[in-house]
Structures are given as C-alpha cells and as structure tokens.
Amino acid sequence: MNSNISTGSTIKLNEASLSRLPNNIRVPNYDRHQIINGIVHIGVGGFHRAHQALYLDNYLQQSRDREWGICGVGLLEFDRRMRDALHSQDCLYTLVERSTEGDSARVIGSITRYLFAPDNRACVIDVLADPHCRIVTLTITEAGYYYIEGSGEFDANHPTIQHDLQHPHEPIGVYGFLTAALDKRRQQGLQPFTVLSCDNLQGNGNIARKMLTAFAQMQNPELGKWMSDRVTFPNCMVDRITPATTAADLKMVAEQFQIDDAFPVVAEPFLQWVVEDNFCAGRPDLESVGVQMTDDVHPYEMMKIRLLNASHLLIGYLGTLAGYTYVHEVMADPAIRQAVDRLMAEVTPTLQPLPGIDLDDYKQTLIQRFANPKIQDRLPRLCLNSAAKMPKFILGSLRDALRQDGAIDYLSLTIAAWFRYLKGQDDRGNPIEIDDPMADILTQRARSSGSDPRPLLSLAEIFGDLSRSSRFVETVSKHLHNLDEFGAKGTLAR
Ligand SMILES: NC(=O)c1ccc[n+]([C@@H]2O[C@H](COP(=O)([O-])OP(=O)(O)OC[C@H]3O[C@@H](n4cnc5c(N)ncnc54)[C@H](O)[C@@H]3O)[C@@H](O)[C@H]2O)c1
Ligand SMILES: O=P(O)(O)OC[C@@H](O)[C@@H](O)[C@H](O)[C@H](O)CO
C-alpha cells in the first residue's frame, strides 16, 4: 500500500496536533499520560483497532478509572508497518465509520504503547509479566491457535511451537510469550492475567485454554498445572466488519478529515461484543460501554459464526468465481443474494434460541450490513486462510444438519465453491491467488482431481470423518460438477 499522501492541507496525527484537528472529529478527552496499561493486546490489526480499542476509548472517555489502557504487541514481521505507523503518531489513529448516511471519524487514544516483538522479545515478556497487566487479549486469526481441527488437539509439531519449546527465553509464538510471562509471575508470587481470545472461533476461550496449557505442560508440568488452575479464559463473541486498510482509505482520511494518518482503520457502524464474565484479575466496567456480559456466550457465538461468517465464505467464493471484487457488488447480484438467504435458512435449525433475539431480524440486518457499499470490503479478505475457517464457520452446522437430517444443499455448495476456487481461476479464466498456509496441498489436490471432491474431502485435518457421509459427498460432488461445467452464475441459475 502506498502510504504517501499529499500533506498540503492535512495535519500529521500525533498528541501535539490533536487540538488542531477539525472540530467534527472526536479526540481523546483524557490525559493519556496518566493511563496504566492493564491490557496487553497481541495482534493489533484492523479489527482490534475498530472494536476493542474503541470500547476502551469510550471507557476512558466516560470513566475516571485509568487502569485499562492498552499496550499493543505485534509478533510477526507483518506487524512492522503497524509499528512504524503507530510509533510515528504516538499510537493514535483515526477510526472512520462508513455507512450510506455518511462517514464519521474519531481519533482513538486507548492504545498508549506498541511493542514489535522482533525488536525486543524480552521487553514483551516483561510487559506481560508486569503486575499492572491484568488481561491479555488476542486477535491472532484462526490459524494462530495451532489447533488441529480434525482431532481438536494441539499442533505440537508446528515449527513455531517447536522453536518456542526449545527457546523459552526467545519465543516467537503467542504461547511462548504467554508462558514465559506467566512463569515469571508465578515465580514472583504474582497473580496470573486473564487470557481473552477475540478471534472468530466457536469456544475461543476454551480453545485458547486447551492450547496454551498443552504448550505449558510440555515446557514445565508444574507451571502448566498452575496455569490451568489459575488463569481464566472467557469465551467471547465479537462482531464488526472491518476491511483491510487500503491506500484509498488514507487518501479519504486526508481529503475528508484533513488528517495525515499512516494507518487509519475503516469499519461499518455495527458493533457487538458479548463476553463471559470470568476474569481472574479484575476487569473494567465493560457493561458501561455497551459490552454484553453473560454466563454463556455459546449461543451468541454460534449465531454469529454460523450465519455471518459462513455467509461470508459463500459470498467470497461464489463472488470471486463470478468475477466480483467487493462484498456489496456480490450482494447486488440477486442469485447470489438468494443463495446467501438460503444458506442462512439451512443453518437456522442448528441454532439455539436466544432470548431477546429475533433471528429473522438478525439475518435481515446481516444482509443489509453485507450490502453496505461504503466499507468496500474485498472478497480476498473473506477467503483468506479458508482451511482454518471452513471447519469453524461451515462444518459444525453441516454436522448438525446431517444429524438432524436437515437440508445441506447450500452448506455443501459453499464447500464445492471453495474447491472450485482452489483451482486458481475464476469463471472467465482470470487467476485467483490462494492465500492459505495449506495452499500447496489444497491447490494440488483441487487441480489434479477434476470434479471429484473426494481427494480434498479426505483431508481429515479439515473435514474429520465427514467424507464417510455419502449424502454429503454426493451433494458436494453434484455442485462441483455444476460449477466446473456452468460456472457460479450458471450453477445458481439451475
Ligand atoms: N476484520 C474483521 O471484520 C473481524 C471481525 C471480527 C473478528 N475478527 C477477528 O480478528 C482477526 C484479525 O482480523 P484483522 O482484521 O485485525 O486482521 P489483520 O490482518 O489486520 O491483523 C491480524 C493480526 O493478527 C496477527 N497474527 C496473524 N497470525 C498470527 C500468529 N500466528 N501469531 C500471532 N499473531 C498473528 C498479525 O500479526 C496481525 O497483527 C480475524 O482473524 C478474526 O478472528 C476480525
Ligand atoms: O476475520 P476472519 O478471517 O475470521 O473472517 C473473515 C470475515 O468473515 C470476518 O472478519 C467478519 O468480517 C467479521 O467476523 C465480522 O464481525
């Protein structure tokens, strides 16, 4: 992304320039120098900055409690750009909410420090081990949990895990850092911190608990036991569509709001966070800023992941095959929009009822959110890392539907469309770039097996034993044949 923007009439964003920004831009009304970073967040990308950091900014704006600022951490080379941007502007950034009614911008101040782990790994461990840190939150993507989908077990052979087991003081992965810090806390007689996963995983807290404690057990069984007894891992459901920031967003922020921001973030107006109330070292009064605290997040997670994220996959594959670029363009195609409706209808019987939530309204709102032309959500973002997302977003519903003898047509179509997508060409022969840690094996199988889905369905680490269901295999097979022969639009027309 080209981050050079004209600075003629813009103001470089930083602490000193806040008072000179246009009046219609809300800026932090609190003294950021007084804030204690009670939260360390790993994986500061677009989503964290549009969601959790906004909730905490609202909290700091309205409360006198100064204990819940955020120290951001990036573990991967990918995060170098975030480091440079945030360090150049005192960790401030612009959040723009975009809807058909218009755009509104505000400057978020809740992240007061940012650490790029490759610069100084020991410093990241020290910050996590500091008694002021009481909650560690994560948005490290589905692939960041080192979870073997087919078995539900910890992927102990992953090179990152092996590295961290052998180099406990120089970790590179999330579990290495968390374990090193918790070990220090235990040795110093300090309480542990809460680990709050904010990734799109059903039972994200349970998965984080199982994987982190498995890692710690391998390193030091006593420490593993202490962690398993003392650290809490609330599950939570998070929701806000946040596209990846583009050069056009930087230009828009400069032109519409006169802010020269090296890494703004753009999001839809909708926002939701439902969190299990299980924090071992205290928490901010999240209810006061609209977070829903509950004893059981499970039905909320199921509803969101099985309706929203599953639809995103169908939109991503069919839309890409049909030659579209953006989600709102796909939603303007009546046939694909109808397929999304039908996918949601198929999933609905697998959901538990939620008091106070009308599922028809929820689904209608999703369709409207997807159709928002202002947020310019690109299809490749939805299709990224599909091997990790497919089991979480689609296969749970599929298993339930098979058990209930329910309809599986559109769930299977989503899988068939993914297989067709993995062949690397859209319906007009334009290349598709597959961005997935499993890309090699997936594309190799997709290309060599023609319209036979079985070689891909036999990947047990993704599909488990689903390939034993002949009903399922036949339905995917039928759709894959149609997609190969008639393309995405032709298949839907039939
Ligand atoms: N973008 C959204 O609309 C949205 C909405 C709800 C939830 N989420 C969740 O947030 C996650 C991140 O989304 P984003 O939009 O911020 O993406 P992003 O690409 O902007 O940021 C991803 C962050 O995750 C880190 N990361 C990736 N793999 C990692 C690994 N193996 N170990 C440690 N860190 C790793 C990256 O370094 C980066 O900081 C999603 O995968 C999803 O689970 C996103
Ligand atoms: O972020 P991922 O890769 O888990 O999934 C892609 C999108 O479905 C997701 O980011 C949604 O936009 C988000 O979950 C909305 O809250």
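Predicted model: local features only at pLDDT ≥ 70, side-chain atom pairs only at ≥ 80, totals over all residues.
**Entry 1: ligand 2**

I started with the shell around ligand 2 and asked who supplies most of it: helix H10 (residues 298-321) does, with three residues. My helices are DSSP runs of H or I with at least four residues, strands are runs of E with at least two, and both are numbered from the N terminus. Residues are numbered from 1 along each chain as its sequence is written, while chains are lettered from A and ligands numbered from 1 in the order in which they are written.

I wrote down the residues around ligand 2: Glu142, Asn200, Asp239, Arg240, Ile241, Leu308, Asn309, His312, Leu382, Leu384, Asn385 and Lys389. To get on that list, a residue needs its C-beta atom, placed from the backbone, within 6 Å of the molecule. Sorted by class, I get four nonpolar, four polar and four charged residues. The classes are Ala, Val, Leu, Ile, Met, Phe, Trp, Tyr, Cys and Pro as nonpolar, Asp, Glu, Lys and Arg as charged, and the others, Gly among them, as polar.

Why do I place ligand 2 between the domains? Domain 1 (11-294) and domain 2 (298-493) both give residues to its shell, so it lies between them.

**Entry 2: ligand 1**

I count 24 residues around ligand 1, and the closest are Gly43, Gly45, Phe47, Gly144 and Asp199. Helix H1 (residues 46-50) has the largest share of this shell, three residues. The class tally is 10 nonpolar, 10 polar and four charged.

I find 23 residues of domain 1 in contact with 26 residues of domain 2, contact being C-beta atoms, placed from the backbone, within 7 Å. On the domain 1 side, strand E4 (93-99), strand E11 (236-239) and strand E13 (265-267) are the elements that give two or more residues. That side divides into 11 nonpolar, seven polar and five charged residues.

**Entry 3: the core**

I looked up the largest nonpolar core and got 148 residues; Leu128, Val136, Leu178, Met211, Leu314, Leu318 and Ala417 have the most contacts inside it. H10 turns up again, giving the most to this core with 13 residues. At least three residues come from each of domain 1 (11-294) and domain 2 (298-493). A core here is a set of buried Ala, Val, Leu, Ile, Met, Phe, Trp, Tyr and Cys residues joined through C-beta atoms within 7 Å. Buried means 20 or more other C-beta atoms within 10 Å of the residue's own, exposed means 12 or fewer, and partly exposed is in between, with C-beta atoms placed from the backbone.

I then checked Leu128: it touches Val40, Cys133, Val136, Phe177, Leu178 and Ala181, not counting residues up to four places away in sequence.

**Entry 4: strands**

Strand E6 (residues 111-116) is mostly covered, with five of its six residues buried. It runs parallel to strand E3 (residues 70-74), and five bridges join the two; strands pair if DSSP finds at least two bridges between them. Cys71 stands opposite Arg113 in E6.

In E11, Cys236 and Val238 point one way and Met237 and Asp239 the other, and all are buried. E11 pairs with strand E14 (residues 272-276) in the antiparallel sense over four bridges, and Val238 stands opposite Trp273 in E14.

**Entry 5: loop residues**

Is Pro264 buried or exposed? Pro264 has 25 C-beta neighbours inside 10 Å, so I log it as buried. It sits in the loop between strand E12 (259-260) and E13. Beyond its neighbours within four places in sequence, its contacts are Tyr93, Thr94, Val96, Thr245, Asp249, Leu250 and Val253.

Arg428 is in the loop between helix H16 (409-421) and helix H17 (439-448). With 9 C-beta neighbours inside 10 Å, Arg428 counts as exposed.

Last, Thr141: it has a positive phi of about 70° although it is not a glycine. Its loop is the one between strand E7 (135-138) and strand E8 (147-148), and it counts as partly exposed because it has 17 C-beta neighbours inside 10 Å.

Technical notes: Domains from an automatic or database assignment. Contact = placed C-beta atoms within 7 Å.
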